[in-house]
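Good morning, and thank you for coming.

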Amino acid sequence: MLRIIADTIRAKTLTASLIPVLTSHFIFNGTLWVTLFAALSACSIQIGTNLYNDAQDLKSGVDTTERLGPKRATHLGIASPETVKFASHLFFIISVLLGIPLVIEGGLPVLLVGILSVFLGYAYTGALGVNLSRSGIADLAVLIFFGIVPLTVLSYIHTGVVKESAWLFGLGFGFLSNALLSINNIRDLKTDKIAGRKTVPIRIGEKKAKIL
């Protein structure tokens, strides 16, 4: 059961949220409590997004018996999409609560980024009338919000300014996270195509996607 839970929240991919936050702590001589709250909030948003994604993918027919990769609780019938969505909402609420001290410390810019992050977490797979993963726009969102945003925002909170190095490190981590997304989309190319998705590998083809 623990293995299923870990696969459902995609625990192995949470480094995409953790490493930019930890890097910011060291290169900007950060405050420990800021790093802790930022790391937990970022992971909560990612888990919330993953859970909502799984519930939506099962309901929309993207996840079928032909699905490759780690099994999910919804896919195995262990938990209903409604239950998984409820868990998703809880993680988004946790991320917001953990973000409050960061907003107090960083002010309005941090609040706006936090609101947009939660919105995009829901919008990744179809909430609020938007579906980033279906159209292929998710790659750009991942580049920005798993790379540029955490580095620049934490640079601002830790130092009071957005340092130039934050943009460079942010791009690096954003491209790494996009590599994760690309591997996932290449693996799911066949079932995604049947489900009507237009991910980058579907748009440019498997061979070019592997090169990318």
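I will speak about the overall build, then the charged pairs, the aromatic rings, and finally the surface.

Please keep in mind that this is a predicted model. The protein has twelve helices and zero strands. Of its 212 residues, 49% count as buried. If we take the contacts with a separation of 6 or more, 69% of them are made by residues 24 or more positions apart.

Let us turn to charge. How many salt bridges does the structure hold? There are four, and I shall describe three of them.

One joins the side chains of Arg10 and Asp54, with 2.5 Å from N to O. This pair links distant parts of the chain, for Arg10 sits in the loop between helix H1 and H2, while Asp54 belongs to helix H3, 44 residues apart. Arg10 has a relative accessibility of 16% and therefore counts as buried. Asp54 is buried as well, at a relative accessible area of 0%.

Another salt bridge is formed by Arg197 and Asp192, at 3.5 Å from N to O. Arg197 is buried, with a relative accessible area of 9%, and Asp192 is buried at 1%.

The next case involves Lys210 and Glu206, whose closest N and O atoms are 3.2 Å apart. Both residues lie in helix H12, four residues apart, which is about one turn of the helix. Lys210 counts as exposed at 57% relative accessibility, whereas Glu206, at 39%, counts as partly exposed.

Consider now Asp139, which is found in helix H8. Leaving aside neighbours within four places in sequence, Asp139 is in contact with Asn178, Leu181, Ser182 and Val200.

I come to the aromatic rings. A pair of aromatic rings is described by the distance of the centres and the angle of the planes. The structure holds three aromatic pairs. In one of these, the ring centres of Tyr52 and Tyr122 are 5.4 Å apart and the planes stand at 85 degrees, so the pair is edge-to-face. Because Tyr52 lies in helix H3 and Tyr122 in helix H6, the pair ties together parts that are 70 residues apart in sequence. Both Tyr52 and Tyr122 are buried. Together with Phe92, Tyr52 and Tyr122 form one aromatic cluster.

Next, a point about the backbone. Most residues other than glycine have a negative phi. Asn29, however, has a positive phi, near 50 degrees. Asn29 is located in the loop between helix H2 and H3, and counts as exposed at 69% relative accessibility.

Finally, the surface. The protein exposes about 10900 Å², and carbon and sulfur atoms supply 71% of that area. Which residues make the nonpolar surface patch of about 700 Å²? They are Phe86, Leu90, Ile93, Val96, Leu97, Ile100 and Ile104. Ile93 has its place in helix H5 and is partly exposed, with a relative accessible area of 46%.

Thank you for your attention.

Key: Residues numbered from 1 in each chain as written. Predicted model: local features only at pLDDT ≥ 70, side-chain atom pairs only at ≥ 80, totals over all residues. Heavy atoms only, no water. Helix = DSSP H or I, 4+ residues; strand = E, 2+ residues; numbered from the N terminus. Contact = heavy atoms within 4.5 Å. Patch = residues over 30% accessible without salt bridge, like charges linked within 9 Å, V, L, I, M, F, W, Y side chains within 5 Å. Areas by Shrake-Rupley, 256 points an atom, 1.4 Å probe, with all protein chains shown as cover. Buried < 20%, exposed > 50% of the residue type's maximum accessible area, 1.4 Å probe, protein only. Phe/Tyr/Trp six-rings, centres within 6.5 Å; stacked < 30°, edge-to-face > 60°.
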